[in-house]
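Colleague: Could you walk me through how to read the features of this structure? I would like the general idea each time, and then the case at hand.

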Amino acid sequence: MSHSMRFIDEDPAGLPEKRVAIISAPLANTVSWVGGTEQGPAALLAASLAVEALDDELLRETWQVGIEVREPLELDGLSSDAALQRICEAVRQELRQGRFPVVLGGEHTVTVAAVAACASQFAGLHVLQVDAHLDLRESYGGSSLSHACVMRRLHDLGLSFTQVGIRSFSPGELEFLGPDRPGVFTTERIRRELDWVEQVCARIAGPVYLTLDVDGFDPAVMPATGTPEPDGLSWPQVTSLFRALAARHRIVGMDVVELAPCPGAHHAVFTAAKILYRTLGYIFKDTPLPIHRG
Ligand SMILES: [Mn+2]
């Protein structure tokens, strides 16, 4: 698939400000089951061309905040360490220019690099993870930089985090968290505790980094991922979380990871593109837009 240099089928070139940079990081070094995440960024960008430029909830043309798509990072043949360094540097560059970085995976490991870049700029960074999995393993498949270890690596960096949509974990991960797990919102807990969105927001004090592993969604909504776990989050659940989060907290960076396009499920890549557009809409909800059209 050729790489679209646009997100949403509108040309940002003439806009006075470019506030968002989309960085494709098609890393796929530690796939556990079904592969294809290296095709995720190109598929999401291609699908975005079919997403309506007028956001149907916000009634705003969010693309006018200025969303630029970068050339995909060249990660082929690199070790995970070297790939993460490249991603981290790319995110740093955008932050230096005051841009909001969006990283498209690729496997979830890319988050380690993006968060490290954001954490060096924003003190007290909290990470909000939407995911079916805790990703708290010390190592997995012989690698400490496996997608299954992402949140453990962020813990090693001393960052606080909250995990939403969880429904798959190992005994060792539970042991690591201990008996009380206030920061883990399983889908079962979300059903029981109706104020879960409020609870998630109340855990966060400072700036937030948002990492969306698409397998947090229910597989009916999002089949295009390596390990589709049943009983996942719905579109309204995810949007209500992101809406509240953006209204109450400063989101300083985000990623969409683990998208693995599969034949016959083009609704899934469309959904991934649309949730990114909607989330940017929430984040830049109060930014004045330069163009008014009837
Ligand atoms: Mn996951």
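Colleague: Let me begin with charge: how far apart are the mean positions of the positive and negative charges of the protein chain?

Modeller: First the counting: Lys and Arg are positive, Asp and Glu negative, while His and the chain ends are not counted. Each charge is placed at NZ of Lys, CZ of Arg, CG of Asp or CD of Glu. Here the protein chain has 25 positive and 37 negative charges, and their mean positions are 5 Å apart. Do keep in mind that this is a predicted model, where local features need pLDDT of at least 70 and side-chain atom pairs count only at pLDDT 80 or more, whereas totals for chains, interfaces and linings use all residues. Residues are numbered from 1 along each chain as its sequence is written, and side-chain values use heavy atoms, with hydrogens and water left out.

Colleague: How many helices and strands does the protein chain have?

Modeller: Both are DSSP runs numbered from the N terminus: helices are H or I with at least four residues, strands are E with at least two. The protein chain has nine helices and eight strands. Its radius of gyration is 18 Å, close to the 19 Å from the globule rule for 294 residues, so the chain is as compact as a globular protein of that length. That radius is taken over C-alpha atoms, and the rule is 2.2 Å times the number of residues to the power 0.38.

Colleague: What share of the residues in the protein chain is buried?

Modeller: Buried means under 20% relative accessible area, exposed over 50%, and partly exposed in between, using a 1.4 Å probe and protein chains only. Of the 294 residues in the protein chain, 56% are buried. For contacts, the criterion is heavy atoms within 4.5 Å. Among contacts between residues at least 6 apart in sequence, 79% join residues at least 24 apart.

Colleague: Which residues does a cis peptide bond join?

Modeller: For this feature, look at omega: it is about 10° at the cis bond between Gly-105 and Gly-106. Gly-106 is in the loop between β3 (100-105) and α3 (110-121).

Colleague: And what is the phi of Ile-8?

Modeller: Ile-8 has a positive phi of about 75°, although it is not a glycine. Ile-8 belongs to the segment before β1 (20-25) and is buried at 0% relative accessibility. Glu-258 also has a positive phi, near 65°; it lies in the loop between β8 (251-257) and α9 (266-283).
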